[in-house]
Amino acid sequence: MVHIAGDTFTMGSDKQIFEADGEGPGRKVKVNSFYMDKYEVSNAEFELFVNETGYKTEAESFGNSFVMDLLLTDDVKKDITQAVAAAPWWLPVDNAYWRQPEGKGTNIKKRMDHAVVHISWNDAVKYCEWAGKRLPTEAEFEFACRGGLENRLFPWGNKLMPKGQHWMNIWQGEFPKQNTEEDGFISTAPVTSFPEQNKFGLKNIIGNVWEWTNDWWETKHTKDFKDNPKGPSTGTDKVKKGGSFLCHESYCYRYRCQARSQNTPDSSAVNLGFRCAAHTLPSYLKHT
């Protein structure tokens, strides 16, 4: 985990790209100091949790989870009769869960260092409790993402590819028909991939997989100053941040620090994972 010193910053922006998402207005928010995982939780780490606790994810309990069609074999696709009307490339795949990211016949043997996926908000909370941590608030996540920069698109600034290099795992090519994999990945990447994205030393705080926050979803914000906001007390959806390997500017330009999206707490998908935060460093990490 890395220590992130608290401060006041501008959350959101008056320049909203997806106004319906509640990206604005820009408002001053204070965040206390906290700790955040340098990396997204990996398959190897999640396996330790499952092996020790016997935990069963919600995707396993439901019997399916959502995967993009380009990641599926013809054999898997032939048995699927449903799709998401507004996004027909999203398919509910039987037996897709964290150990079988693309359903039956797939595995994570060569992806133990990749970000764990098909993780619901409820799953993420259980892992955090086991690890002596918690999910970050949306304000903490955005503060960590911005890395001390004000009114910038990305953790490092406004340039998509600094010095012509890929700094995150997103979609290249024509979405949703072709991914050219110019960044090296068609799906998830190892959590240690790409440069540290800002002065806090965080990796993949944008791109790779969507990450859960603790906050309930709301879209009506004011300019009023807020001290360590934690979102509404109730709701139906939880906030996720950071975008994923399936994001492209033409469709889901949400790999920006101010960008946000939502899912129900029991939702899972092939691009949905998390990282943890903590008020204080867990005791087992203090001497490592």
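Me: Which residues form one aromatic cluster?
Reply: Keep in mind that this is a predicted model. Aromatic rings pair here if their centres lie within 6.5 Å. One cluster is made up of Phe46, Phe49, Tyr55, Trp98, Tyr127, Trp130 and Phe274.

Me: How many aromatic pairs does the count come to?
Reply: A pair of aromatic rings is described by the distance of the centres and the angle of the planes. By this rule the count comes to 19 aromatic pairs.

Me: Are the rings of Phe49 and Tyr127 stacked or edge-to-face?
Reply: The ring centres of Phe49 and Tyr127 are 5.4 Å apart. Planes over 60 degrees apart count as edge-to-face. The planes of Phe49 and Tyr127 stand at 75°, so the pair is edge-to-face.

Me: How many residues apart in sequence are the parts that Phe49 and Tyr127 tie together?
Reply: Both Phe49 and Tyr127 are buried. Phe49 lies in helix H1 (residues 43–53), and Tyr127 lies in helix H4 (residues 121–131). The pair therefore ties together parts that are 78 residues apart in sequence.

Me: Are the rings of Phe175 and Tyr251 stacked or edge-to-face?
Reply: The centres of the Phe175 and Tyr251 rings are 5.2 Å apart. Planes under 30 degrees apart count as stacked. The planes of Phe175 and Tyr251 are at 15°, so this pair is stacked.

Me: Does Tyr251 count as buried, partly exposed or exposed?
Reply: Buried means under 20% relative accessible area, and exposed means over 50%. Phe175 has 12% relative accessibility, so Phe175 counts as buried. Tyr251 has 40%, so Tyr251 counts as partly exposed.

Me: Which residue forms a salt bridge with Asp21?
Reply: Side chains of opposite charge can pair when their charged atoms come close. In this salt bridge of Asp21, the closest N and O atoms are 2.7 Å apart. Both residues of the pair are buried. The partner of Asp21 is Arg254.

Me: Over the face of which residue does Arg254 lie?
Reply: Arg254 sits in the loop between E9 and E10. Arg254 is 4.0 Å from the ring centre in question. That ring belongs to Phe18.

Me: What volume does the largest cavity have?
Reply: The count comes to one cavity of 30 Å³ or more. Among the residues lining the largest cavity are Glu102 and Arg111. Glu102 and Arg111 form a salt bridge, with the closest N and O atoms 2.9 Å apart. The volume of the largest cavity is about 50 Å³.

Me: Which residues lie nearest the centre of the largest pocket?
Reply: About 620 Å³ of space lies in the largest pocket. The lining has 15 nonpolar, nine polar and four charged residues. Of the 28 lining residues, those nearest the centre are Trp90, Lys240, Asn263, Ala269 and Asn271.

Key: Residues are numbered from 1 along each chain as its sequence is written. This is a predicted model: local features need pLDDT of at least 70, side-chain atom pairs count only at pLDDT 80 or more; totals for chains, interfaces and linings use all residues. Side-chain values use heavy atoms; hydrogens and water are left out. On a 1 Å grid over the protein atoms alone, a cavity is a set of points where a 1.4 Å probe fits but cannot get out, and a pocket is an open set with protein on both sides within 12 Å along at least five of seven lines; lining residues have an atom within 4 Å of a point. Grid points are joined across faces, edges and corners, and a volume is the space filled by probe spheres set on the points. Rings of Phe, Tyr and Trp (its six-membered ring) pair if their centres lie within 6.5 Å; planes under 30 degrees apart count as stacked, over 60 as edge-to-face and the rest as tilted. Helices (H or I, at least four residues) and strands (E, at least two) are DSSP runs, numbered from the N terminus. Buried means under 20% relative accessible area, exposed over 50%, partly exposed in between (1.4 Å probe, protein chains only). A charge sits over a ring if NZ of Lys or CZ of Arg is within 6 Å of the ring centre and within 35 degrees of the ring normal. Ala, Val, Leu, Ile, Met, Phe, Trp, Tyr, Cys and Pro count as nonpolar, Asp, Glu, Lys and Arg as charged, and the others, Gly among them, as polar. A salt bridge is a side-chain nitrogen of Lys or Arg within 4 Å of a carboxyl oxygen of Asp or Glu.
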